[in-house]
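Have the model open beside the text and follow the points in order.

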Amino acid sequence: MITIRVANSNDVKTIQEIAYKTWPDVYGEILSATQLDYMLKAFYSKEVLLDNMLHKGHHFILASEGTMCLGFASFQHDYLDDKVTRLHKIYLLPEAQGKGIGRLLIDAVVGYAKENNSKVLSLNVNRFNKAVTFYQKLGFEIVGKEDIELDHGYLMEDYKLEKQL
């Protein structure tokens, strides 16, 4: 049975472990090993995760089966001072993918968004990520493209997606 619970600062190590196991599988064919390493360090250091949790209003939830954590999602309400909940991250261990756990995490985020009176759930996803079709099956629509420049000349080439609530 899959359970979903709210994460806290004690769960940072678990979130890091999932990211470091998942990103090479998700982005290994899209990003260079150097860019992958840079982005993991930039987005998943203990300091960045704690700052997101404690100061930037990011909520993290974990999906587990028994004592094994299989994935996580993070989201932020009132994104850009609008009635939007922003899904910042959702990752599942490779062996947990395709079993409906991602849908459970999205459903949980939708529930939190509705409790917050959000009208839209938004996210960015890499344009070359196979997850684009996953999001579309869950009712998200592509509403634009966004290229985000990072340090060292790295570029995030994303679709902007939204789901009306």
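1. Let us begin with a trio: salt bridges link Arg127, Asp147 and Glu157 into a network. A salt bridge here is a side-chain nitrogen of Lys or Arg within 4 Å of a carboxyl oxygen of Asp or Glu. In general, side chains of opposite charge can pair when their charged atoms come close.

2. Before going further, please note that this is a predicted model, in which local features need pLDDT of at least 70, side-chain atom pairs count only at pLDDT 80 or more, and totals for chains, interfaces and linings use all residues. Residues are numbered from 1 along each chain as its sequence is written, and side-chain values use heavy atoms, with hydrogens and water left out.

3. Back to the trio: between Asp147 and Arg127 the N to O distance is 3.0 Å. Asp147 sits in strand β6 (residues 141-149) and Arg127 in the loop between β5 (120-126) and α5 (131-137), so their bridge ties together parts 20 residues apart in sequence. Helices (H or I, at least four residues) and strands (E, at least two) are DSSP runs, numbered from the N terminus. Arg127 counts as buried at 18% relative accessibility, while Asp147 is partly exposed at 47%. The cut-offs are under 20% relative accessible area for buried, over 50% for exposed, and partly exposed in between (1.4 Å probe, protein chains only).

4. How many salt bridges does the structure hold? There are seven. One of them joins Asp11 and Arg5, at 2.7 Å from N to O; Asp11 is buried, with a relative accessible area of 8%, and Arg5 is partly exposed, at 39%.

5. Another salt bridge pairs Lys41 with Asp37, with 3.1 Å between the closest N and O atoms. Both belong to helix α2 (residues 33-44), where a spacing of four residues separates them by about one helical turn. Asp37 is partly exposed, with a relative accessible area of 36%.

6. Now look at strand β4 (residues 84-92): eight of its nine residues are buried, so the rest of the structure largely encloses this strand. Strands count as paired if DSSP finds at least two bridges between them. Six bridges pair β4 with strand β3 (residues 68-76) in the antiparallel sense, and Ala73 faces Ile90 in β4.

7. β4 also runs parallel to β5, joined by three bridges, with Val84 opposite Val120 in β5. Together with helix α4 (residues 101-115), β4 and β5 make a right-handed β-α-β unit. Right-handed means that, with the strands pointing away from the viewer, the path from the first strand over the helix to the second runs clockwise.
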